[in-house]
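The sequence and the structure come first.

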Amino acid sequence: MIFRSTKLAGVFVIELQQHRDERGFFARSWCSDEFIAHGLNPRLVQCNISFNKAKGTLRGMHYQGKPFAEAKLVRCTRGSLFDVAIDLRPDSPTYGNAFSEVLSGDNRFAMYIPEGCAHGFQTLEDDTEVFYQMSEFYSPQHQTGVRYDDPAFGIHWPLANPIMNDRDRTLPHFTKS
């Protein structure tokens with residue numbers, strides 16, 4: 001695996017190191033030793049899939065509060081998406097900043113998002129599927145988020161008029177601690 005640091009502290013884009021031959025390729029997509037070596041949380045307790053039938057679907061910006069804060073490893077397994085992380089850790093040097101990357105079934109990139117960062121995405125194709133691995137179990141009473149369009153983050157979503165649910169549309173605006 002190739003760990004590419006981003007402009008957000010602790011957020012990485014992870015590329016597969018493919019071993020190719022005439023049959024295709026083989027690649028390792030997760031290794032606890034390599035995560036530890038990069039200072040990342042290697043705990044994985046839950047995996048989820050998000051299937052999105054329509055281009056322009058926007059989900060986010062979500063995170064879980066303490067004591068159930070979770071790190072996420074997010075990979076697009078089919079289609080493509082504009083993936084976003086926002087650093088909401090007050091003690092972080094990149095607090096209040098956002099980072100985005102296109103993840104797709106073709107590029108096979110993953111994004112590692114540490115505890116204390118919000119996450120969301122907008123699909124760029126119909127029938128896009130996302131695979132999540134999380135370091136903590138889902139806790140509905142600790143789930144929260146911030147508005148996807150909050151000007152504090154300067155996120156330029158690629159598609160206008162996103163398809164969203166009411167819960168995501170009504171998340172609160174960000175206020176710096």
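## Cavities

The second largest cavity has a volume of about 40 Å³. A cavity here is a set of points on a 1 Å grid over the protein atoms alone where a 1.4 Å probe fits but cannot get out, and lining residues have an atom within 4 Å of a point. Grid points are joined across faces, edges and corners, and a volume is the space filled by probe spheres set on the points. Trp 30, Phe 35, Asn 41, Arg 43, Leu 44, Ala 71, Lys 72, Leu 73, Tyr 112, Gln 133 and Ser 135 line the second largest cavity. Its lining divides into six nonpolar, three polar and two charged residues, where Ala, Val, Leu, Ile, Met, Phe, Trp, Tyr, Cys and Pro count as nonpolar, Asp, Glu, Lys and Arg as charged, and the others, Gly among them, as polar.

Two cavities reach 30 Å³ or more. The volume of the largest is about 50 Å³, and its lining includes His 62, Tyr 63, Gln 64, Lys 72, Cys 117 and His 119. E6 gives three residues, the largest share of that lining. Four lining residues of the largest cavity are nonpolar, four polar and three charged.

## Basis of the model

The model is predicted: local features need pLDDT of at least 70, side-chain atom pairs count only at pLDDT 80 or more, and totals for chains, interfaces and linings use all residues. Residues are numbered from 1 along each chain as its sequence is written, and side-chain values use heavy atoms, with hydrogens and water left out.

## Sheets

Strands are DSSP runs (E, at least two residues) numbered from the N terminus, and two strands pair if DSSP finds at least two bridges between them. Strand E6 (residues 58-64) is joined to E13 by three antiparallel bridges; Gln 64 has Gln 143 in E13 as its bridge partner.

A six-strand open sheet, also antiparallel, runs E1-E2-E10-E7-E12-E5. Its edge strands, E1 (2-5) and E5 (46-52), each pair on one side only. Four bridges connect E1 with the antiparallel strand E2 (residues 12-15), and Ile 2 stands opposite Glu 15 in E2.

## Val 130

Val 130 lies in strand E12 (residues 128-134). Val 130 counts as buried because its relative accessibility is 0% (buried means under 20% relative accessible area, 1.4 Å probe, protein chains only). Its contacts (heavy atoms within 4.5 Å) include Asn 48, Ile 49, Val 74, Cys 76, Leu 81 and Phe 121, not counting residues up to four places away in sequence.

Terms used:
Buried means under 20% relative accessible area, exposed over 50%, partly exposed in between (1.4 Å probe, protein chains only). On a 1 Å grid over the protein atoms alone, a cavity is a set of points where a 1.4 Å probe fits but cannot get out, and a pocket is an open set with protein on both sides within 12 Å along at least five of seven lines; lining residues have an atom within 4 Å of a point.
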